[in-house]
Amino acid sequence: MLHKDSGDHPDRPSGSKVVVEAELTFEAYRLGIDDIDQQHRTLFDYVERLNTAIAGGDRWLAAYQILAELEHWAKIHFAVEESLMSICCYPDMTRHMRQHAIFSAKVVQLKQESLTKDISGKASEFLRNWLMQHVGSDDRKYAEHFLRINESFAAERVRLRPDLPQFSPARGQHRGTV
Ligand SMILES: [Fe+2]
Ligand SMILES: [Fe+2]
């Protein structure tokens, strides 16, 4: 279930420069929808893994494997985002979906290229730039739209049915009292 960002995040591995940089990136690109933010964290982790492989000299083998996993994970993430956009009638959905399709095609192309040559540096740069641009700008727009719609639904529900529980922690504490 999708819900607003609680602000709680699991501990991340630490100890390398690459990890620290990716952590800062995740914080800077947080959109406020917890499930989506966690999925973006996974996408940024793939870039981090690729950078680590490049630094460790394991670029050829790692690039294909990472791009194959990323291709699969991006498919899931895009399906979730597109469902969200459909639910909240996001007006720019068609253009956003096209961006997803173009990205997916590029990942497949890079994956194929990685079989015959070292494209790890090119792939890392493309992924990092695309994710920063897309998450920072395009995803942020639909997320703001979704959160706005969500807020107005919640307000309307309170107006129409003030008798229903509001799910506040304080009410939970008083459950069972007369
Ligand atoms: Fe996204
Ligand atoms: Fe997106």
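These legends walk you through a few close-up views of a predicted model. Residues are numbered from 1 along each chain as its sequence is written, and chains are lettered from A, with ligands numbered from 1, in the order in which they are written. Because this is a predicted model, local features need pLDDT of at least 70 and side-chain atom pairs count only at pLDDT 80 or more, while totals for chains, interfaces and linings use all residues.

View 1. Helices (H or I, at least four residues) and strands (E, at least two) are DSSP runs, numbered from the N terminus. Starting at that end, the elements go α-α-α-α-α-α. Of the 178 residues, 19% count as buried (20 or more other C-beta atoms within 10 Å of a residue's own, with C-beta atoms placed from the backbone).

**View 2. Here H4 meets H5.** The axes of H4 (residues 93-113) and H5 (residues 120-160) come within 12 Å and cross at roughly 165°. That makes H4 roughly antiparallel to H5 (an angle over 145 degrees). Axes are lines fitted to C-alpha atoms, for helices over the stretch in contact, and angles run from 0 to 180 degrees between N-to-C directions. On the H4 side, look for contact residues including His 96, Phe 103 and Leu 110; on the H5 side, Trp 130 and Tyr 142 are among them. Two residues are in contact if their C-beta atoms, placed from the backbone, lie within 7 Å.

**View 3. Now for H3 beside H5.** These two axes come within 13 Å and cross at roughly 10°. H3 and H5 are therefore roughly parallel to each other (an angle under 35 degrees). Arg 59, Ala 63, Leu 67, Leu 84 and Met 85 in H3 meet Ser 120, Ala 123, Tyr 142 and Phe 146 in H5.

**View 4. Next up is the largest nonpolar core, with 17 residues.** A nonpolar core is a set of buried Ala, Val, Leu, Ile, Met, Phe, Trp, Tyr and Cys residues joined through C-beta atoms within 7 Å. Among the members touching the most others are Val 47, Leu 50, Ile 66 and Ala 123. H2 (34-55), H3 (59-87), H4 and H5 each give two or more residues, and H3 supplies the largest share, five residues.

**View 5. Zoom in on Ile 66 and then on a second core.** Setting aside neighbours within four places in sequence, Ile 66 is in contact with Tyr 46, Arg 49 and Leu 50. The second, separate core has six residues, including Met 85, Tyr 142, Ala 143 and Phe 146.

Key: Angles under 35 degrees count as roughly parallel, over 145 as roughly antiparallel, 65 to 115 as roughly perpendicular and the rest as oblique. A residue is buried if 20 or more other C-beta atoms lie within 10 Å of its own, exposed if 12 or fewer, and partly exposed in between; C-beta atoms are placed from the backbone.
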